[in-house]
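Subject: Structure for your review

Dear colleague,

Please find the structure below, together with its sequence. The notes that follow set out what was found in it, and I would be grateful if you read them with the model open.

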Amino acid sequence: MDCLFCKIVAGEIPSKKVYEDDQVLAFYDIAPEAPVHFLVIPKEHIPSPAAITEENSKVVAHIFAVIAQLSKELHLEQGYRVVTNCGQDAGQSVGHLHFHVLAGRSLAWPPG
Ligand code: AMP
């Protein structure tokens, strides 16, 4: 499958890993938008948030548990933002479900 993040999961494209287990991979974003910016993805190919179903959604809960654990390990006590972009209007550029975790600066709201 021609999917950038599947290739990162397979180790065919290098990444700076933050965390890995049998279900998920977390790695630093190549173009960070904040002092701390990493992505958490399911290893299973789910194309976007719009493709989450009752059958495949268990990994999403696990991803949020991993993010909570990493926020402690990385000392993000000041706060962080979790973002997932869905589709063209939201600016989704990679067709594999991913959650951005942004931290290390004050983040404006509402987002642009
Ligand atoms: P989105 O635009 O929400 O689909 O997010 C995709 C993210 O993937 C962007 O923030 C990119 O900077 C990031 N990205 C693209 N290629 C890589 C890569 N090889 N390693 C790490 N992050 C990447």
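Predicted model: local features only at pLDDT ≥ 70, side-chain atom pairs only at ≥ 80, totals over all residues.

Helices and strands are DSSP runs, a helix having at least four residues and a strand at least two, and they are numbered from the N terminus.

Helix α2

Helix α2 covers residues 58-73, which makes 16 residues. From its first C-alpha to its last the helix reaches 23 Å, close to the 22 Å expected at 1.5 Å a residue. Its buried residues are Val 59, Val 60, Ile 63, Val 66, Ile 67, Leu 70 and Ser 71. Viewed down the axis of α2, these buried residues fall within an arc of 140°, so they line one face of the helix. The face turned away from the buried side carries the exposed residues Lys 58, Ala 61 and Lys 72.

What do the buried residues of α2 pack against? They pack against five strands named here in order: β1 (17-20), β2 (24-28), β3 (36-42), β4 (80-83) and β5 (99-103).

Just after α2 comes His 75, with a positive phi of about 60°, although this residue is not a glycine. His 75 is found in the loop between α2 and β4. With a relative accessible area of 57%, His 75 is exposed, because the term applies over 50%.

Phe 38 and Val 101

Two buried residues on strands deserve a look together. Phe 38 has its place in strand β3, and Val 101 is found in strand β5. Phe 38 has 0% relative accessibility and so counts as buried; Val 101 is buried as well, with a relative accessible area of 1%. The two residues are 63 residues apart along the chain, yet their C-alpha atoms are separated by 5.4 Å.

Leaving out residues up to four places away in sequence, Phe 38 touches Val 18, Ala 26, Phe 27, Tyr 28, Asp 29, Leu 70, Leu 74, Phe 99, His 100 and Val 101. Leu 70 in that list is one of the buried residues of α2.

How much space lies in the largest pocket? Its volume is about 460 Å³. The pocket is lined by 22 residues, and those that lie nearest its centre are Phe 5, Asp 29, Ile 30, Ala 31 and Leu 39. Two or more lining residues come from each of α1 (4-10), β2 and β3. Of these, α1 gives the most, with 3 residues. By class, the lining has 11 nonpolar, 8 polar and 3 charged residues.

The second largest pocket has a volume of about 330 Å³. It is lined by 14 residues, of which Arg 81, Val 83, Leu 102, Pro 111 and Gly 112 are the closest to its centre. At least two residues of this lining are supplied by each of β4 and β5. The lining divides into 7 nonpolar, 4 polar and 3 charged residues.

Cys 86 is found in the loop between β4 and β5. Is this residue buried, exposed or partly exposed? At 36% relative accessibility, Cys 86 counts as partly exposed, because that term covers values between the 20% limit for buried and the 50% limit for exposed. Its contacts, leaving aside neighbours within four places in sequence, are Ser 48, Pro 49, Ala 50 and Gln 92. Pro 49 is 37 residues from Cys 86 in sequence, while the C-alpha atoms of the two are 5.9 Å apart.

Lastly, the peptide bond that joins Trp 109 and Pro 110 is cis, with omega at about 5°. Pro 110 lies in the segment after β5.

With kind regards

How values were computed:
Residues numbered from 1 in each chain as written. Heavy atoms only, no water. Expected span 1.5 Å × (residues − 1). Buried < 20%, exposed > 50% of the residue type's maximum accessible area, 1.4 Å probe, protein only. Arc of directions from axis to C-beta. Contact = heavy atoms within 4.5 Å. 1 Å grid on protein atoms, 1.4 Å probe; cavity = no way out; pocket = protein on both sides within 12 Å on 5 of 7 lines; lining within 4 Å. Points joined across faces, edges and corners; volume = space filled by probe spheres on them. Nonpolar A, V, L, I, M, F, W, Y, C, P; charged D, E, K, R; others polar.
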